[in-house]
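Subject: Structure handover

Dear colleague,

I am passing on the structure below, together with a description of what was found in it. Please read the notes with the model open beside them.

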Amino acid sequence: TSSDSASLLDYGRNVTNGLGRITEGIMTSGKGSYVEYDDGRKMLDFTCGYGVTSLGHCHPKISKAAADQCMNIVHAQCNIAFHEPYLRLIKKLLPIMPDASLDSFFFWNSGSEAVETALKMARIVTGRQNIICMQGAFHGHTFGAMAVTKSKTIYSKGVAPLMPGVFSIPFPFWHQLGETPDLPESAQVARCLYQLDLLLAQQTAPADTAAIIVEPVLGEGGYVPAPAAFLEGLRAVCDKHGILLIADEVQSGFSRTGKFFAIEYSGVRPDILIMAKGLANGFPLSAVVSRKELTDKLASGSMGGTYAGNAVSCAAACAVVDAMHEENILSQVNERSSELFSALNAIKTAHPAHILDVRGRGLMVAVEFATPAGPGAAHDAVAARDGVAAQMASRVAKKCIERGMLILTTSVYEVVRFLPPLNISATDLKKGAEIFREAVEEVIR
Ligand code: PMP
């Protein structure tokens with residue numbers, strides 16, 4: 001009852017202050033593209049819980065697969081025995097890997113843990129120590145993942161020293177280069193690859209460099225697809241020097257961008273691929289995929305984790321892969337994506353002074369607002385605002401929430417991000433875009 005919820009809410013003060021929230025109250029249920037709160041509020045979910053419930057809340061086939069597995073075995077520990085969903089999931093994932101060379105799997109619980117594993121693996125198999133990451137990247141909250149995270153100071157403030165041996169280059173995103181959106185993509189790529197060459201000559205010798213880690217679509221850093229030429233350039237450097245290329249597809253993977261994996265847009269083969277989030281539609285599961293030839297170098301028994309590759313999560317993930325095939329999710333994503341882009345571009349056209357950019361891929365889409373001082377002054381604006389709530393983006397997101405739609409901001413720039421369910425109806429997608437338009441118009445009025 002609601003009086004139970006009211007007294008339960010008192011315990012909110014016993015939850016660590018480190019955890020923030022974008023809404024009040026208690027979320028009680030979710031179905032498809034909507035979630036409900038204890039006070040009867042029903043919200044259209046354009047967050048998918050940070051890109052996780054890609055096939056909607058409580059997808060019947062996924063929930064059933066998990067429930068059935070619960071009655072069979074919940075915890076068949078991976079250092080004790082293989083279990084059936086673990087191996088069945090590998091069988092289903094192999095044919096959708098972006099490259100046939102990716103044939104060796106390790107399942108973990110979260111994206112951060114998978115990143116940790118990828119970094120450890122890269123060091124072990126190359127016998128080298130240093131890691132190169134991207135400015136603006138987000139890879140997680142654990143120590144190693146945090147060390148390669150360069151998206152916001154709030155995550156690591158007061159936490160250092162982090163893992164040593166980490167170097168970074170700019171990601172081809174005009175903000176990261178102190179430029180305006182007009183700088184041609186080819187020039188952005190050339191500058192970033194030049195910085196990589198310099199880094200390898202001045203700071204970390206190729207013979208000391210184990211891996212380059214990159215998000216094929218920069219996520220928390222502002223929703224920027226990596227140009228194919230950039231990923232090709234990274235691949236070429238890796239090939240030349242025996243460095244491993246790690247693709248972090250925790251957010252961009254699993255059909256989110258209109259292909260199973262965003263790196264497919266470039267045709268580049270990663271040496272290690274990391275996935276999580278949409279993989280099990282809400283059950284905790286991540287995966288680190290590499291080549292057997294590389295993982296054969298790991299000592300048997302050197303890896304593990306009490307809950308790694310949980311049987312219920314693996315059973316849910318099998319149902320996710322099945323549903324993605326059966327429900328033609330990729331073609332749905334591509335249809336909804338062009339509808340979303342045209343709706344958002346129309347809002348941009350109507351408000352050119354306020355909306356700077358509409359970008360992304362598939363249903364991983366962002367709108368960036370202009371800072372009052374203009375894009376050229378972005379660095380000043382970011383510096384002035386460090387720690388202070390963003391202005392346009394967070395105000396618009398708040399108005400969307402008041403109007404019944406959950407939506408997130410991201411990055412140190414003025415970015416609102418759209419992560420609707422991949423199987424959202426055209427009607428609900430249109431409704432979400434309309435709520436966003438009303439929110440923008442209320443804020444700029
Ligand atoms: N990598 C990327 C690209 C991510 O977006 C995230 C989560 N936002 C992570 C890693 C960390 O995943 P998790 O929160 O499951 O640890």
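Predicted model: local features only at pLDDT ≥ 70, side-chain atom pairs only at ≥ 80, totals over all residues.

Four strands, in the order β1-β2-β3-β15, form an open sheet whose pairing is mixed. The edges are held by β1 (27-31) and β15 (405-406), each of which has a single partner strand, so one side of each is left without a neighbour in the sheet. Between β1 and strand β2 (residues 34-37), which run antiparallel, there are 4 bridges; K31 has Y34 as its bridge partner in β2, and G30 has V35.

Another open sheet is formed by 4 strands in the order β13-β14-β17-β16, and its pairing is antiparallel. Its edge strands are β13 (355-361) and β16 (408-410), each of which pairs on one side only, and the twist from one strand to the next averages 30 degrees. Helix α11 (residues 329-350) lies across β13, β14 (364-369) and β17, and runs at about 170 degrees to β13.

Two helix pairs

Two packed helices are described by the angle between their axes and the distance between the axes. For helix α7 (residues 185-202) and helix α8 (residues 228-241), the axes come within 9 Å and cross at roughly 20 degrees; as angles under 35 degrees count as roughly parallel, α7 and α8 are therefore roughly parallel to each other. Their crossing is right-handed. On the α7 side the contact involves S186, V189, C192, L193 and L196, which meet A229, F230, G233 and V237 in α8, and the residues of this contact divide into 7 nonpolar, 2 polar and no charged.

For helix α3 (residues 60-70) and helix α10 (residues 311-326), the axes come within 8 Å and cross at roughly 150 degrees, and since angles over 145 degrees count as roughly antiparallel, that makes α3 roughly antiparallel to α10. The crossing of α3 with α10 is right-handed. In α3, the residues K61, I62, A65, A66, Q69 and C70 meet A311, V312, A315, A316, C318, A319, V320 and A323 in α10, and the residues of the contact divide into 12 nonpolar, 1 polar and 1 charged.

The ligand

There are 15 residues around the ligand, and those that come nearest are S110, G111, S112, V250 and Q251. Helix α5 (residues 111-126) gives the most to this shell, with 3 residues. By residue class, the shell around the ligand divides into 5 nonpolar, 7 polar and 3 charged.

With kind regards

Conventions:
Residues numbered from 1 in each chain as written. Near = placed C-beta within 6 Å. Helix = DSSP H or I, 4+ residues; strand = E, 2+ residues; numbered from the N terminus. Nonpolar A, V, L, I, M, F, W, Y, C, P; charged D, E, K, R; others polar. Axes fitted to C-alpha atoms, helices over the stretch in contact; angles between N-to-C directions. Parallel < 35°, antiparallel > 145°, perpendicular 65-115°, else oblique. Left-handed = near helix turned anticlockwise from the far one by under 90°. Contact = placed C-beta atoms within 7 Å. Pairing = 2+ DSSP bridges.
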